[in-house]
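Here are some friendly notes to read alongside the picture. Take them one at a time and find each residue as you go.

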Amino acid sequence: MSTATHAFTDSMTMLRRQWRHMLRYPTLVLTAAGVPVIFLLLFVYVLGGILGSGIGGPSGGRDTYVDYVVPGIILMTAATAAQGTAISVAIDLNEGIVARFRTMAIARVSVLTGHVLGSLTQTLLSMTAVTGVALLVGFEPTADFVEWLGVIGLLVLVIFALTWLSVALAILARSIAAASNMLTPLMVLPMMGSGFVPTDSMPAGLRWFADYQPFTPFIETLRGLLMGTPIGTNGTLAIGWCAVIAGGGYLWSRKLYNREPAK
Amino acid sequence: MGAKPMTTDHARPAVTATAMRKAYGEHVVLDGIDLDIPAGSVFALLGPNGAGKTTVVQILSTLIRADGGVLRVAGHDVVRESDAVRAAIGVTGQFSAVDGFLTGEENLLLMADLHHLPRRERKRCAADLLERFDLVDAAHKPAATYSGGMRRRLDLAMTLVGRPRVIFLDEPTTGLDPRSRRTMWEVIRGLVADEGVTIFLTTQYLEEADRLADRIAVLHRGKLVAQGTPEQLKRQVGGGHITLRFTDPRGHDRAARTLDVMARDDDALTVQIPGQGDVRSLRALLDRLDHASLDVDELRVHTPDLDDVFFALTGNPVAEQEPTR
Ligand SMILES: Nc1ncnc2c1ncn2[C@@H]1O[C@H](COP(=O)(O)OP(=O)(O)OP(=O)(O)O)[C@@H](O)[C@H]1O
Ligand SMILES: [Mg+2]
């Protein structure tokens with residue numbers, strides 16, 4: 001077998017290993033889906049009435065707000081899942097098994113690829129669950145079949161990018177607690193973008209940040225696909241951000257992983 | 001298990017090192033180590049805590065890089081041909097390297113997959129190893145629930161998947177009870193006898209090196225202060241000694257003056273005299289004691305062991321070896 005086929009089979013082996021971990025210890029999976037659901041219910045039922053009127057849809061109120069907030073909540077799932085990934089990578093690196101992998105003739109990066117692909121499937125599942133709850137509380141997307149495919153494509157890109165980034169940060173952090181903390185800002189980003197309220201309602205400095213951070217194009221593109229709002233340049237921006245973050249995260253992870261283990 | 005050709009590569013060296021060096025900042029851990037280990041033999045690297053045993057294993061198993069030196073394992077350069085080295089070795093590190101989330105069987109199947117064993121063979125390989133390491137009952141429990149000894153056994157079983165030609169074992173029996181330790185020794189001997197594998201093991205137990213190894217090297221302050229067969233090392237120390245304990249101080253004092261003593265302990269009422277444990281010299285000693293009407297409470301024969309070797313080589317008891325950091 002060639003190196004490339006080895007890299008593929010080894011990555012698949014590592015992916016199966018990740019799936020086993022998830023099935024056996026689903027806590028991280030449940031947290032990744034649970035936190036966004038809590039935020040969804042909180043924002044829809046506690047704040048939704050007022051925020052909906054503020055956003056000023058035709059009817060205003062809670063129903064308008066559900067449709068506005070769901071794209072942000074779905075992307076928040078990507079962020080909570082990325083935190084889960086970072087924690088499981090950090091746990092793994094602290095286990096002896098990774099030292100064993102390093103002394104074996106396997107495709108080096110396959111351990112990390114396994115994590116990323118595992119997180120990808122897991123996060124898509126969490127997002128499906130979150131979307132299910134959203135539909136139950138009155139979310140009414142207007143997307144047709146092609147737009148739904150676009151939604152899935154966009155989400156895969158975003159998850160892929162954030163996961164590679166979180167893998168790099170986890171290797172950098174080394175300890176489990178530090179890995180978890182390092183990813184916390186990622187969870188706040190959807191809120192400091194257009195996820196929960198339009199950015200033009202924010203004070204100037206924050207608004208500037210919100211307009212230029214990657215979550216805003218992610219959210220605007222997703223909202224456009226789901227609800228038919230205008231996407232404009234956000235689609236291109238979102239794909240660009242994903243490519244940069246994924247590529248950077250991948251190269252950085254690989255470099256950090258190939259560095260000598262520090263005991 | 002894997003179908004690698006069973007070449008008889010005896011006589012050829014399995015591990016060689018010339019001037020292996022490693023420092024962590026100012027702290028020189030390995031200061032020019034030379035090794036030459038023939039294939040199909042057991043080599044024991046002996047040293048107290050912090051001597052650098054794990055560092056040597058990590059370097060030879062491609063986990064970390066040496067600062068200098070020419071190193072070859074299984075015929076390949078450790079730095080330039082690290083993948084070829086990795087394909088030939090198996091490593092059981094000092095700390096458990098099992099996946100705690102997976103069951104024992106799943107751990108072994110994971111190894112089989114990573115060695116790209118054919119589908120049917122992987123099941124059989126896992127079943128064989130579970131059997132051999134007495135893990136059949138625990139095969140379907142997560143490894144996180146295993147006792148230390150079971151974990152260690154699983155660890156070694158995982159190392160054997162893929163039939164490595166050179167196996168590194170970093171303190172394979174630390175933390176094992178006497179029975180498990182003996183089982184581990186038998187497994188190690190079996191590997192060498194049946195499959196011609198080369199074993200590089202580290203240990204703090206002098207007895208273990210004595211029992212298992214064809215050759216022993218003693219690591220002290222970054223250098224190998226002795227290298228040879230267990231017998232050669234023991235010879236360096238000279239003979240053993242006999243300890244006699246007396247019931248009363250008067251007898252003790254008289255014995256200390258009549259006999260040719262190496263050392264005396266006035267509190268314990270003991271004297272040590274040089275001598276072997278063979279029947280003839282013991283009889284001669286007993287005759288002398290009878291003749292002098294010395295009333296001996298207890299007689300102990302101390303054959304030289306590697307503790308004595310260590311003492312003779314470094315002038316320190318083992319416990320004082322750990323470098324101050
Ligand atoms: N990553 C590291 N950074 C700094 N110092 C290190 C590192 N790894 C090992 N050392 C130092 O190198 C020395 C040798 O360590 P090593 O683990 O090889 O010893 P050892 O003989 O295996 O000891 P033990 O019997 O306790 O396992 C120690 O003094 C240790 O502090
Ligand atoms: Mg050690």
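In which loop of chain B does B:R163 lie? The model is a predicted one, where local features need pLDDT of at least 70, side-chain atom pairs count only at pLDDT 80 or more, and totals for chains, interfaces and linings use all residues. Residues are numbered from 1 along each chain as its sequence is written, chains are lettered from A and ligands numbered from 1 in the order written, and side-chain values use heavy atoms, without hydrogens and water.

1. B:R163 sits in the loop between α5 (148-160) and β7 (166-170) of chain B. Helices (H or I, at least four residues) and strands (E, at least two) are DSSP runs, numbered from the N terminus. The phi of B:R163 is near 45°, a positive value in a residue other than glycine.

2. B:H116 also has a positive phi, about 55°, and is not a glycine. Look for B:H116 in the loop between α3 (104-114) and α4 (119-132) of chain B. With 22% relative accessibility, B:H116 is partly exposed (buried is under 20% relative accessible area, exposed over 50%, partly exposed in between; 1.4 Å probe, protein chains only).

3. B:T243 belongs to strand β11 (residues 241-246) of chain B. B:T243 is buried, its relative accessible area being 10%. Beyond its neighbours within four places in sequence, B:T243 is in contact (heavy atoms within 4.5 Å) with residues including B:T270, B:Q272 and B:L299.
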